[in-house]
Amino acid sequence: MAANQLLAALNALYHHEDPKVKDEADRWLEQWQQSVEAWSVADGVLHDANSSMEAQYFCAQTLRTKVQRDFEELPPEAVDSLRESLLQLLIRFSKGAPPVRTQLCLGLAALAVHVPSERWGDSGVVRWFALKFGSLPPELALPAMLELLTVLPQEVHSYKIAVRPERRRAFVGELQANTGAAFDILTSCLSQPGERTRTQVLEAFGSWLKLNEGRPLPTIAAAAAAATGGGGEDAAATLARHPLVAASLEGLQGTGETFHGAVDAAIVPAIMGLRGRFAVAARRREAETDRSVAGRGAGGAGEGEFDDDEDTAKGMARLFCEVGEAYLTLIVTAVAEVRSPVEAMLEVAAYPDFSICSMSFNFWHRLSRQLLSGFSLPGPGSGGGSADAAERERRRQFFLPAFERLVQLIRGRVREPESYPSWSKDEKHEFRSSRDEVGDTLDDAAAVLGFGRCLSLLVEPLAALQQQQQQAGAAGGEAGAGGGYDWRTAEAALFCIKSIHRHAASLGDPALAGLLEALPRLPRSSPQLQATVCSTIARYARWLERSMQAGYCQPLLQVLLGLAVASLDMRGGYCTAAAAAAIRQLCEECGSFMGPCLQDLLMLYQKVLTMGAAAPRQAGGSANGPGGAAASGQPALLVREAGEEDVESVIAAVCQAVSQAAPPDQRQQAGGALLGPVLSSLRDALSALGPSPPVLGPVAAAHPALNPLIDRLAEVFARTSDSDVVGQMLMACWPVLDGLMVRCAACPKTTEHVLRTLRYGIKGAGRSAAQLLPTLLEVLPVRFTATRHSAFLFIVSELVKFFGDESAHDPTLGPILTGLVTEAGRPLTSLAALNSSPDMVDDLFLLGLRALGYAPRLLLSPPPPLGPAHGDSRALSTLLDAAMLGCVMQHREANGSVLGFLARLASPGTLARCPSPPAAAEVLRAHLAPRGPLLVRLLLAGIAGSLPLGRVGVVAAALLGLLTYGQGLTAAGAGAGGESGLGWLTAALQAVPEVAATSSDKQAFLGAAASAVQSASNTASSGAGDMMGNGESAGTYDGAWEGACQEFADLCRRNKRARQAAQAALLPQELAAAVDLGERRRGGGA
C-alpha cells in the first residue's frame, strides 16, 4: 500500500498536467522522505525489477538522504542488513542508470562515515569493499568500485552527513590510513582495458590526493612506499615512480577525457615537458587574435605536430599553476633547479587569453608573500637575524628578473580596447574586474622589486608616447598638437602606476614627483584619461603629505588640487566622481598644508553647494531655468550631472581642510563661513514646508532637496575637528533641526536624516554640547514618544558617553534614560514584536551597553530611600525582560547587542565602576539572579540550534559571563537555595534529550564550563574595551570554552531530529514556535 502511494505521488509529480496537483505531490513526497517507513519502502522499490527509472532515482536519492540525515533512526542490528542491501543494489545498478549508481555510492559513503572502524574488519573500509567486489566480473565491479572510491574521500568532510563531531574526525584519520590500500586497488584497475576505466582511475586517484591535502607530500608518499614495500627508500621517489603517477603523466600526452583526469592527479615536475606544447598553443592563439583584428582569413599557425584547442591549453596552464603552488616551499629556496616552473608560470602569464593568464596570479601573490615574510634558517648555527636578512635578500635578487618580466607581460592588459564603448554592460564589468586583478598582481610585484624599479617599468609606455609626440611635433604632425595622442596607452600606464601606490616609501622621490608634476600636461581631451589622472592623485595623496612633512614637494599640492578642481568641470560628467575623490583625499591627507589654498577652497565650497540633488530647479524640475544654474553663472551641464554623493564628498573634504588649515583665532570665523550657506538653505527649506501641523507622508517627494541639504549639514558637523566650533554650530542649528523634527515627524526617512545630523553634531561637539544638554534632555523624550524612531535612543547613548561620567548630570540624565528605556521596551513583549522592530532592539541595547560602560550607576543604583533621589531600577528590569526574548532573535545586529549587553552586565568590571559596588551588586542580584536559570537555558538553546552557527562564539561569551556571575553569587553566599551558575547550566543540560546529546556529552560540556568559569574568575574582566559594544567584545574570551561550545553546537545540529529535540526541550513553547516559524521562512528547516 505504501509503495503504491509513493508511485502514485511520483506519477502525479512528473506527469500530471495540473500544477496544483504537482505541488501537492511534491509536498507529500518531501514529508514522506522524512518518515521512518521510507527506509523499507525505498529499498523495496529499488529491489523491484519492474520499477520505473523515475521511481528508482527517487528511491535511491531517498536512501542516500536517509543514511546521511536519519541514520540514528535505525536500531543497531539493522546496520549490517542496510549495508548489505545497499551493496547489492549498487552491484545491480553498476551497469545501469549512472544517476542511480551515484546516489547509491553516496549512500554507502555516508554509511562508512557513520559506522565505526571495528565493524569494517581489521583491513579497513576500503579493503572491505574491495573484497566484496573482488569476486564479481570486472565489467560489473569496476564502474561501481571506481565511483565508490572517488566519492568516498570526497564525502569525508560533507556536513550533509549528520554524524557526531568526534566520529567525523575519527573517520578522516581512518580514511587517510587507507590511502595505501586505495592506491593498491586503483593500480590493479589500470590493467583493465578502456579509456573510460583509466579516466575513472585517475579521477579517484585525484580524490585521494585531495583527501590528504593538508599533509606534507612525503607523508603521502610514505603511505605508498609502505604499501609497495619501499622500506627505507626515499618516499617522494617512491611516489614519483608509482604506477598511478606514471599513468597520470601518460594521460597528459592525450587530448581526451584521460588528459583532464590526469591534470587532477599528476603532481611531479616531469610535466614541465609540456612547456613546448603550451608555447605552441599560445603562439597559435596570438596569431588568431592578430588575424581577427586585422580581418585576415583563416590560416594555420604552422607549429608542427601539436594542435591543441583552448580547453587543452587551459588544462596545461592549470597544471603548471597547481604544480607551482604545490612546490612553492621548494621554489622559494631560489636554487637553479626551480627556474623551470617559474618560467612556466611566466609563460602562463604571457598567454593571450586573460582567463588563462590570470591563473598564474595566485602563484605570484603567494611567492611575493613568501619572499617578504619572516623566516628563520634551519639549524642552531644559522647566524640569527643578519643571516636571515641576507638569505632573504639573496632570494629576492634571484627572483627579480622573473618579477620584472611579469610586470612587462601584464602591464598592457589593462589597456582599454578600441571597441570598449560598444561592449555590453557585463563585458565592461568583466574587463574592469580583470584590470583590478592585474593591479593586485602589480602590487605583489612591486613588493618584491621595490617601488622605484617597478615605477620605472610602468613609466616606459608613457616615455615612449612622449618620444613619439616629440618626434611628431618636430615633423609638424597631428600628434604633436595632441590630436593623435594614444590616450588609452597613457591611461593604462597610469592605472598600473596607481596600483602600486602602497610601496611609495621614498619621501620626495624625484621620479614620482616628476610624474605627478607632468600630469597637468597630459591632453585633456579624453575624460577617461583625466578620470585616471584624478584617481592617481588620490592614491598618492598620503605620499605627498609625508613628503611635505619632510620638506619636499611643497608647490605640488596646489598644482594637483587645481588639476582635480578643473576636472570637476569636464563635460560629460565622466570625471566628476574621480575628481571629487581626488579633492577629498588631498584635503584629508594634506589638510594641514592647505593654508595658502583657503580662499580657493571656500570658493570651491560655494560652487559645489549649487550642484547635485540640492541644485536650484524650475517648477518643472529643471536645474537650468531662471534662478538655476545658468543664472548663478555655473556650467549648466556640471550642475545637472554632478552626483549628490560626489558633492557631499567635496563638502566633507573642504570642511576638513579648512578646519585643519585655519589658524586657531580664525576657526570660529571659518566655521561660520562653512555653516552659513547650508543653514540658510535649510531655513528656507523649513519655511517651504509651511506652518504646523506636521507634514503627512514622505517629505522627499514634495521637497526633493531637503534630505540632501540635511546630509550636507551632517558632513559639516562630522568634518569640523574643533569641538568648540562644532558646539557653537550645534547651538545655531538647533532651532532648525528641532523644527524639522516637528514638521517631519510623520516621515521616518527624513526624521532619520535629521537625527543622523544631530548625532554627528553631538559627537563632534563632545562636552562642548553641555550648554545644549538641558534642552536636549527635555525635548528628545517628547520627540521619541511622537515618532518612536529608534535613532533617538542612539543620540541619548551619545549623551551618556560624553556626560555619563559626571554625576552632576545624574538628576536629569537618569530619569531621561529610565523613561526612554521603559517607553521603548513597553511594546517589546513577544519575540514577534522584537523581530518586527530590530532597529529599536538594536539601539535600545546599545543604549544599555553605553550606560553600563560609562555610567552603570544609572542602571544599578538602588531606589530611595537607600539610593539617591534619581535611583530607579525600571530600566534594568525592562532591558532584562526584553533580553530574555532578544537572546534568541535572528536579526544579527540586534541579537549581538542583546548578547553584548548580557555579557557586559555580568562582567565584574561593571560593578567596579559604580560608586557603591555592594549596593549595585544587590540591585543586580535582585534582577539578574531570578532570571539567570532561564537566560542560561535560552543561551544554551542558541548554541544548540536556535541561532545561526556563526553566532555561537558571541553566545559563548554571554553564557560564560552569566555562569561566572552565578558562581560568584555562591561564593559570596548570595545565591538563594544554593543556586550557582554551573547549577543553572546543569539544570539546562538535563533538559536536553539523549537524541541530541548523551550523558557523557553533557558531562564533557559541563566540565569545559567549570574550567572556563574558574579561569574567568581568576582573571576577572575589568570591563575595559569598546564601550559601544556589539556583542563580540563585551565579554570574557576563552578559546577553549568557545571550542567546547562549537563542539556542542555541531553535536546538537548534526541533523534536524537532534536540533528540533534540543530546541523543543530548552525553549518555552511560545518561543519554540516562533523560532521554528522564523526558520521555515528562511528555508532552514532541513
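Visitor: What should I know before I start?

Guide: This is a predicted model, in which local features need pLDDT of at least 70, side-chain atom pairs count only at pLDDT 80 or more, and totals for chains, interfaces and linings use all residues. Residues are numbered from 1 along each chain as its sequence is written, and side-chain values use heavy atoms, leaving out hydrogens and water.

Visitor: Where is Glu17 placed?

Guide: Look at the loop between helix H1 (2–15) and helix H2 (19–33); helices are DSSP runs of H or I, at least four residues, numbered from the N terminus.

Visitor: Is Glu17 buried or exposed?

Guide: Buried means under 20% relative accessible area, exposed over 50%, and partly exposed in between (1.4 Å probe, protein chains only). Glu17 has 76% relative accessibility, so it counts as exposed.

Visitor: How do I read an aromatic pair?

Guide: Rings of Phe, Tyr and Trp (its six-membered ring) pair if their centres lie within 6.5 Å; planes under 30 degrees apart count as stacked, over 60 as edge-to-face and the rest as tilted. By this rule there are 18 aromatic pairs. Among them, Trp28 and Trp32 are stacked, at 6.4 Å centre to centre with 15° between the planes.

Visitor: Why are Trp28 and Trp32 separated by about one helical turn?

Guide: Because they are four residues apart in helix H2. Trp28 is partly exposed at 31%, whereas Trp32 is buried at 4%.

Visitor: Which residues form an edge-to-face pair?

Guide: Trp128 and Phe129 do, at 5.3 Å centre to centre and 85° between the planes. Trp128 is buried at 13% relative accessibility, and Phe129 is buried at 1%.

Note on methods:
Helix = DSSP H or I, 4+ residues; strand = E, 2+ residues; numbered from the N terminus.
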